[in-house]
Amino acid sequence: MADTTGLAALDPATVDVADPALYESGDPVALWAHLRATSPVHWNNHPPGPGFWAVMAYQPALQVYRNTDAFTSELGMRVDSDPAAVEAAAGKMLIVTDPPTHPRLRQLMNSAFLPRVVATLEASMRRVIEPLVEEALRKDVVDFVSEIAAVLPAAIICDIMEIPQSERAMMIDLTSKAFGASVGGEAKCPMSTMEKTEAHAEIFLYYTELVEERRRNPGADVVSALIQGDLDGRRLTDEEVLLNCDGLLTGANETTRHASAAGLLALMEHPGEWERLRSGTVDIESAVDEVLRYTSPALHVTRVAKKNVQVGDQLVRAGETVALWNSSINRDENVFPDPDRFDLGRTPNRHLTFGIGPHFCLGAPLAKVELKLLLEVLAEKVTHMELAGPVERLRSNFMWGIERLPVTLR
């Protein structure tokens, strides 16, 4: 694990920002600040792989995000990706697809995330959130991750895919298992790799049956949009539909779940901001953006250079991987004054939590509305909240998140 003490003596060549232990039990914020100041774009050794260029600052990140001519997404979007899985999905799954296919595939999926569609889902979201919070208020202790934060996005993705009500409890349970949340708020051992794999497999089998059913009886949902859409004069294969359904599920669950939990922890650690939220003295939209910036659930995203290209003051050569460390980028002092301060009224707030450019997160509008409604319901119904046990953080170099957050709400 990287040592965040004695930062002035640290050599970027000896620090691995992709060490999962740093995010499970360490405090990476000071390390990020040191790297932004001393080596905003630097080579990061990451055994046993070849390493990558780590981009820790805002401006060089913009260069990479926007330059689809020089960088590809089709060779993976995260450090430690499984090469075989990436190869199987490249050019078929939205997040690992380049132009010209990417914008056409994105357009097919966009129908589920148009503002008018998201607006119609708001009432459904509130119907999910309110009972979850009300049930939590009746208990002495709840695990905010498994009992609230993990349930909301899973329920909403069921809406987007128009999964029958009779099957939603099963899908929410499988999703919680697949993405590592303990089920039912009980103090359990973390989900094993095997349990997560089995849950993912069950979800994939369910989607296979769902695709077959929607081919027979299409609706207005995103699965039907993928099935019926035209991509370069042809219909998507079952494999392409399934890969993108899986991508939607992953994106919808990871960001909202971890931003919700880490956002609640930040509010407990900053009671003044909690009071500003409850009193309505901060705009709810700016509060959502600050939660997203401050928590930055997706630690990084990668691109691979297609040709030699300058990034910041470094020459990146063709074939080398660049990792945009969003969590550090969102605390760049040159863009966010006093970046380590949690300020719900922060404006402007040009965070890159959802990326920028052609690969800007398709589900960003949905995630922001989910967070907005969760903050509103908490502010309406909760007057006091406090930690009721140790916070268990995720051991991951991809998601900066919380595995378990025991709290008491009153």
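Q: What's the N to O distance in the salt bridge between Asp-338 and Arg-341?
A: Their side chains meet at 2.9 Å, N to O. A salt bridge here is a Lys or Arg side-chain nitrogen within 4 Å of an Asp or Glu carboxyl oxygen. This is a predicted model, where local features need pLDDT of at least 70 and side-chain atom pairs count only at pLDDT 80 or more, while totals for chains, interfaces and linings use all residues. Residues are numbered from 1 along each chain as its sequence is written, and side-chain values use heavy atoms, with hydrogens and water left out.

Q: How exposed is Asp-338?
A: Asp-338 is partly exposed, at 46% relative accessibility. The cut-offs are under 20% relative accessible area for buried and over 50% for exposed, with partly exposed in between (1.4 Å probe, protein chains only).

Q: How many salt bridges in the whole structure?
A: The search finds 28.

Q: What about Glu-122, which residue does it bridge to?
A: Lys-372, with the closest N and O atoms 3.9 Å apart. Glu-122 sits in helix α6 and Lys-372 in helix α16, 250 residues apart. Helices are DSSP runs of H or I with at least four residues, strands are E runs of at least two, and both are numbered from the N terminus.

Q: Switching topic: is β5 covered on one face or both?
A: Both: Val-301, Arg-303 and Ala-305 are buried on one side, Thr-302 and Val-304 on the other.

Q: How does β5 pair with β8?
A: Antiparallel, over four bridges; pairing takes at least two DSSP bridges between the strands. Thr-302 has Ala-323 as its bridge partner in β8.
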